[in-house]
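Dear colleague,

Please find the structure below, handed over for your study.

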Amino acid sequence: MQAAPLHQLLLETARALAALKAGRSLTEALDACPDPLRAGTQALAFAAVRAHARVGALVRHMLPRPPQPVVEGLLRAALTQLLPGAESYPAHTLVNQAVQACKRAVPGQAALVNAVLRRFQREQGALLERVASQPEVQHEHPQWWIATLKRDWPDHWQALLQAAQQPPPLALRVNRRQGAAAYAQRLTDAGLQSRPLSVLTPDGLVVEPPCPVQRLPGFAEGAAAVQDGAAQLAAPLLFDGAGSLPPLPAGARVLDACAAPGGKTAHLLELADLDLLALDADAQRLRKVDATLKRLGLQARTQAADARQVSDWWDGQPFDAILLDAPCSASGINRRHPDVRWLRRESDIAALAQTQGQLLDALWPLLKPGGRLLYATCSLFKAEGEHQIAAFLQRQPQARRLDLPGRTGHLLGLPDNGWAVPSDGFFYALLLRS
């Protein structure tokens, strides 16, 4: 297949970055990108977002007034590729193609784009030195985010910020009903290299180097799913406490309260035939759960509903187990979605923590005596993890927390965690109702 012209990729990247500036996620913006251009556009867009603070400071320094959003996005995309260490394209080609892209979108600004990029080439060292002292430029995160990590993790905050700048690995969860060892051989036969993800994730493999999922054998038929290692801990924790609790029996009533996009839902159903209800407040995202279950050949009831509004969806029959993968800042999957750090606001954390507390209080009474609830967030912030559960335990004397080192509590996902590759950041609390 012939590679797409660079000017087309730069223009699509500029449009995605303009959408990000308007408050939309990169995932949503890239969904609008033409299929043949999506992979190349995503690579350029993610690189630009990982250099968001630095290239933003450069644009502000070189231009007295903010340019049009698409022009600014084009400058950000091109400047990122001109930064030291990028070297993906020859500089003269990059400048030429950026000008061509601008001529197609905003013809009157092509000379401006050319001038800014050529100035950066001439004055690169001085310009980078001028913006380098800014904390957001040094760490490529908002100042409030940096301060929160400093407070919560004084010994690890710098490592966490650095880890978020690294592209994520391709971690797979092999369908339990097929077996990880057999699938690893299928990968080898397809010319792909893999290795076990961790002793904590018996269904997990990491493929190195990463490849498009279309190359994975049997992917379309449900042989495997893309799921980070930390996320793979959820289903076993709820199912049998990772071996420390009696396993849920076949037919057990299980609620997945915030189910989209469905990875953890599917994993639970691969472990046992459960009577599972998957809720999500977003009907559009719930369709992703249906698609995931269909691809994997699994069955569950799905319903669009706010889990806090119990009377709208509950049939009055208590649950044996509840998975509450609560809405959160997504600070733990920041490397996978680098736009999150720039979309979130400091005030969001308190609002999200309030929602998490409301969900815990609403769902806890729906649990049978002796039942279990797994609270999960893909967050590094203690307000959404340790502090949230400490407050809940004060409110609910019937709740007992089961601690499993390496599986529950805050999992920071740093390179020295003993896994084959660093995992995402997560928080888990396994709560038992006495």
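Is the crossing of H1 and H5 right-handed or left-handed? The crossing of these two helices is right-handed; a crossing is called left-handed if the near helix is turned anticlockwise from the far one by less than a right angle, and right-handed if clockwise.

Before the details, a note on the source. This is a predicted model, in which local features need pLDDT of at least 70 and side-chain atom pairs count only at pLDDT 80 or more, while totals for chains, interfaces and linings use all residues. Residues are numbered from 1 along each chain as its sequence is written, and side-chain values use heavy atoms, with hydrogens and water left out.

Helices (H or I, at least four residues) and strands (E, at least two) are DSSP runs, numbered from the N terminus.

**The pair H1 and H5**

Two packed helices are described by the angle between their axes and the distance between the axes. For H1 (residues 6–21) and H5 (residues 69–82), the angle is about 115° and the axes are 7 Å apart. Axes are lines fitted to C-alpha atoms, for helices over the stretch in contact, and angles run from 0 to 180 degrees between N-to-C directions. On the H1 side, the residues in contact (heavy atoms within 4.5 Å) include Leu10, Leu17 and Lys21; among their partners in H5 are Val70, Glu72 and Leu74.

**Helix H9**

H9 spans residues 143–152, and its buried residues are Trp144, Trp145, Ile146, Thr148, Leu149 and Asp152. Buried means under 20% relative accessible area, exposed over 50%, and partly exposed in between (1.4 Å probe, protein chains only). The cover over these residues includes helices H8 (135–139), H10 (157–163), H15 (340–343) and H16 (346–363).

**Backbone features in loops**

Alanine 242 has a positive phi, near 55°, although the residue is not glycine. This alanine sits in the loop between helix H12 (234–240) and S5 and is partly exposed, at 27% relative accessible area. Alanine 330 also has a positive phi, near 65°. Its loop connects strand S8 (319–325) and H15, and alanine 330 counts as buried, at 11% relative accessibility.
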